Amino acid sequence: MSGTSLDGADAVALRFRESDRAGAAMETLGHVYVPMPAALRSELRALALGTTDEIERMGDASVALARLYAEAVGRLLAAVGLAPGDVAAAGLHGQTIRHRPGRGFTLQLNHPALFVELTGIAAVADFRSRDVAAGGEGAPLVPAFHAEVFSEPRPTAVLNVGGIANLTLLPGEASAAPVRGFDTGPGNMLLDAWMEEKTGEPFDRGGAFAARGRVIAPLLARMLEEAYFALPAPKSTGRERFSPAWLHAALDAAGAEGAAAEDVARTLTELTAESVARALEAEHPEAAALWVCGGGALNPFLMARLEACVRARLARLETVADTSARGLDPMVVEAAAFAWLARAHLLGLPGNLPAVTRARGPRILGALYPL
């Protein structure tokens, strides 16, 4: 998995019992992370926002991405003592460079054929297109996996804070209500872009930079006026909406273009926390627990602000913690979800949830690239 943060590739090895079709009983064998080369990150960002000579550049970037994935999987197999022949398939999400479900398409840059040649492992890729073709948003796809591994008797929510933040709403094991999910808006993406622009650092390590600042109230209010936040779920979004240009337009509208860099970082952190809290209040006010995964779970300042904002709005909330408290490292969850979805494809099982994506029905997701 390489997400909208464009920081690198996560690879996780999962072992499932052959008889367990749903996949609730699984064993995490290992996890590796390989940072994304700066040149590839810059090129993917340019492709996501629109650039020149796109076909040539997309081709070159897809080759580089396949090599990054192959390196991550090679390191993972060495770390856990597996050979390529031990692996049924690799689930390759690819890198989203355009997400336009309203126009009937989503594009994840990928080169699974090259990955198969480099690794000797079959690949399942292009998970989102079938859901979009069936009238869905194509995102988020992780709620089906979250429902398998995080469901419990009480109503809960699972929050993935990557570049974009998304919520899975679990009604509780005794409830007949469907699992729901949607993208809440920016996770780390705008803060990462701001940090790179102002400090040269790729992200706010531990939230230390934002913690030194103060919330710029007019800027926060202006950003929260974004129409996306008021849209009903299900919904999805990406870099094409919440771009650095969007941030600078908000800064200009709020008269905050000259504000201290740490104050803007603090305000962007608050934007993520407050938009998640408002979404939970609107869509799942009965939630008793919030489990957090993704890179944002490693930011203690963001986690503190999330907890404060969510507790202020959810009267029944008991627990806010990262997913390690449920036995799954927060940095493993999303990559594990696409391994799980790859396995669902091999078993001929649907991977989408129509109540989450708005698709016309359950669909088997992905395309197989065999050996």
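The predicted model contains an open sheet of five strands, ordered β9-β8-β7-β10-β11 with mixed pairing; strands pair if DSSP finds at least two bridges between them. Strands (E, at least two residues) and helices (H or I, at least four) are DSSP runs numbered from the N terminus. At the edges stand β9 (180-186) and β11 (319-322), each with a single partner strand, so one side of each is left without a neighbour in the sheet. Neighbouring strands are turned by 20° against each other on average, direction ignored. Strands β8 (residues 164-170) and β9 run antiparallel and are joined by six bridges; L169 has R180 of β9 as its bridge partner. Helix α5 (residues 143-150) packs on this sheet, touching β7 (156-161), β8, β9 and β10 (289-293), and its direction makes about 50° with that of β8. Contact means heavy atoms within 4.5 Å. Axes are lines fitted to C-alpha atoms, for helices over the stretch in contact, and angles run from 0 to 180 degrees between N-to-C directions.

Residues are numbered from 1 along each chain as its sequence is written. In this predicted model, local features need pLDDT of at least 70 and side-chain atom pairs count only at pLDDT 80 or more, while totals for chains, interfaces and linings use all residues; side-chain values use heavy atoms, with hydrogens and water left out.

A further open sheet has three strands in the order β3-β6-β12, again with mixed pairing. Its edge strands, β3 and β12 (367-369), each pair on one side only, and the twist averages 30° from one strand to the next. Three bridges join β3 to β6, and these strands run parallel; G91 is the bridge partner of V124 in β6. Helix α3 (residues 112-119) lies across β3, β6 and β12, running at about 160° to β6.

Two packed helices are described by the angle between their axes and the distance between the axes. For helix α11 (residues 261-283) and helix α12 (residues 300-313), the axes come within 8 Å and cross at roughly 35°. This crossing is right-handed, meaning that the near helix is turned clockwise from the far one by less than a right angle. Among the residues that meet are R266, E270 and L280 in α11, and F301, R305 and R313 in α12. The contact residues divide into nine nonpolar, two polar and seven charged. Here Ala, Val, Leu, Ile, Met, Phe, Trp, Tyr, Cys and Pro count as nonpolar, Asp, Glu, Lys and Arg as charged, and the others, Gly among them, as polar.

The second largest pocket has a volume of about 760 Å³. A pocket is an open set of points on a 1 Å grid over the protein atoms alone, where a 1.4 Å probe fits, with protein on both sides within 12 Å along at least five of seven lines; lining residues have an atom within 4 Å of a point. Grid points are joined across faces, edges and corners, and the volume is the space filled by probe spheres set on the points. Of its 34 lining residues, L14, V87, A88, A89 and A339 lie nearest the centre. Strand β1 gives the most to the lining, with eight residues. The lining divides into 26 nonpolar, two polar and six charged residues.

Two cis peptide bonds are tabulated below.

| Bond | Omega | Location of the proline |
|---|---|---|
| A139 to P140 | near -15° | P140: loop between α4 (129-133) and α5 |
| A233 to P234 | about 5° | P234: loop between α9 (227-230) and α10 (244-253) |
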